[in-house]
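Please consult the sequence and the coordinates alongside the text.

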Amino acid sequence: MKLRKAIFIAGAGLTALAAAQADAATTQREAAGRLADGTAIEAVTLTAANGVSARVLTYGATLQKLSGPDRDGKIADVLLGYDDAADYAAHPNYFGVTVGRFANRIGGGKFTLDGKTYQLPLNDKVNSLHGGQVGFDKRLWRIVSAKDGSATLALTSADGDQGYPGKLDVTVTYTMADDGALTIAFGAKTDKPTVVNMTNHGIFNLAGEGSPLGILNQRLTIPAKAITPVDANLVPTGELRPVAGTVFDFRSGRMLGEGVRDGHDPQIVMGHGYDHNFALDKGLTATPQLAARLEDPVSGRVLEVSSTEPGVQMYTGNFLDGSYIGKNRHVYRMGDGVALEPQRFPDAPNKPNFASARVDPGKPYRHVMIYKLSVAK
């Protein structure tokens, strides 16, 4: 009797293990084409049991695809980008890439650290943007691990790279949970004081990339009572401006189209739409907390963006002008997607009142963010 009971318990355990394995996210590594110089690009696809999947390229540590079902179960890719991996190098526009060393703008392309001034490349008129002319988005990363629903990519940035001090050893780990939540963990170690600010630059359309409906009828919520307003060069002035009573008040949720073309607000005029950092009420946190929630009432898809960082840059694709031909030969234009980029505040190295972006030897940089794609019930 005891033997039969033991066999039954063992069998039940194996059944439970098999079920757990069936529900676990999977990992698939494959070739993804070549750059113009013949350099091979690889891809890793992470797939959850609920149908959500993500495809990551070694070029730029790029999130090429993020796909999930709508309320009818129809799967669609919700990320703007390219079908051909080589196009990310041939026609760069930050679609889904990992940006660094410093995401967003550094005014005048310079900052001072420990009494020394560092000059960076000016690749955004008078500013340095997203790490300079050859930022992390334009590098070939190496895969150091790809298994069990996760992939870790690594990159070494030399001392003086794009004008930044310190040799930087960088990793980004993409991990797919069983419920379709994609965690992106950034880490960096330096051998001398420097500044670091990394994020993912996914541009989303929850109706499906290239949808003629665009994103203007999608509802966005951002738990932030202030923004960091910008000057004519789109660099923060250093002020924290309340959003109450303005088109920047997304605390209770609003349709993106309500304010993106409202020229009554000088900030919208300067940004050609939304291109602003929101100072999240949560501030800098040890674990990821909600930074933004995007909802598409037509498809029912919902994207929740969580992060440990104190800010989130919201950008409505204002400089998409039809010259970028994306996936499925879609012509991308303003309003076709929205970026929600968790980060330290733009120009933080030059604004002492902003949370510091400084990283020192022995004190590694860390940023953990989550894209959770689901369906509204």
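Contact, as used here, means heavy atoms within 4.5 Å. The model is a predicted one, in which local features need pLDDT of at least 70 and side-chain atom pairs count only at pLDDT 80 or more, while totals for chains, interfaces and linings use all residues. Residues are numbered from 1 along each chain as its sequence is written, and side-chain values use heavy atoms, with hydrogens and water left out.

**Confidence**

- The average pLDDT (the predictor's confidence in each residue, from 0 to 100) of the protein chain is 94, and 94% of the residues score at least 70.
- Residues 1–22 have a pLDDT below 50, and this stretch has 1 contact in the model beyond near neighbours in sequence.
- Where pLDDT is low, the predicted coordinates should not be read in detail.

**Strands and sheet**

- Strands are DSSP runs (E, at least two residues), numbered from the N terminus, and two strands pair if DSSP finds at least two bridges between them.
- An open sheet is formed by 6 strands in the order 17-28-25-22-19-20, with antiparallel pairing.
- Strand 17 (203–204) and strand 20 (241–242) are the edge strands of this sheet, each pairing on one side only.
- Within the sheet order, strand 22 and strand 25 (residues 311–315) run antiparallel and are joined by 5 bridges; Asp275 is placed opposite Tyr315 in strand 25.
- Strand 26 (residues 321–325) and strand 27 (residues 331–333) are also antiparallel, paired over 3 bridges, and Asp321 faces Arg333 in strand 27.

**Lys282, a buried charge**

- Lys282 is found in the loop between strand 22 (275–279) and strand 23 (289–295).
- Lys282 is buried (under 20% relative accessible area; exposed is over 50%, partly exposed in between, with a 1.4 Å probe and protein chains only) yet has no salt bridge.
- A salt bridge requires a side-chain nitrogen of Lys or Arg within 4 Å of a carboxyl oxygen of Asp or Glu.
- The nearest side chain of opposite charge to Lys282 is that of Glu309, 7.0 Å away, where Lys and Arg count as positive, Asp and Glu as negative, and His and the chain ends are not counted.
- The backbone oxygen of Glu309, by contrast, is 2.7 Å from a polar atom of the Lys282 side chain.
- Apart from neighbours within four places in sequence, Lys282 is in contact with Gln289, Leu290, Ser307, Thr308 and Glu309.

**Salt bridges**

- The structure contains 19 salt bridges.
- Arg55 and Glu30 form a salt bridge through their side chains, at 3.1 Å from N to O.
- This pair links distant parts of the chain, with Arg55 in strand 3 and Glu30 in strand 1 (residues 26–34), 25 residues apart.
- Arg55 has a relative accessible area of 15% and is buried, whereas Glu30, at 28%, is partly exposed.
- In the salt bridge of Lys327 with Asp77, the closest N and O atoms are 2.5 Å apart.
- Lys327 belongs to the loop between strand 26 and strand 27 and Asp77 to strand 5 (residues 75–77), so the pair ties together parts that are 250 residues apart in sequence.
- Lys327 and Asp77 are both buried.
- Arg254 and Glu258 also form a salt bridge, with the closest N and O atoms 3.3 Å apart.
- Arg254 counts as buried at 16% relative accessibility, and Glu258 is partly exposed at 46%.
- A network of salt bridges links Arg105, Asp124 and Asp275.

**Backbone geometry**

- The peptide bond from Gly100 to Arg101 is cis, with omega near 5°; Arg101 is in the loop between strand 6 (98–99) and strand 7 (105–107).
- Ala61, although not a glycine, has a positive phi of about 45°.
- Ala61 lies in the loop between strand 3 (53–57) and strand 4 (62–69) and is buried, with a relative accessible area of 0%.
- Asn328, likewise not a glycine, has a positive phi of about 55°.
- Asn328 is part of the loop between strand 26 and strand 27 and counts as exposed at 54% relative accessibility.

Definitions and conventions
Helix = DSSP H or I, 4+ residues; strand = E, 2+ residues; numbered from the N terminus. Polar contact = N/O pair within 3.5 Å; in protein donor to acceptor, adjacent residues only side chain to side chain.
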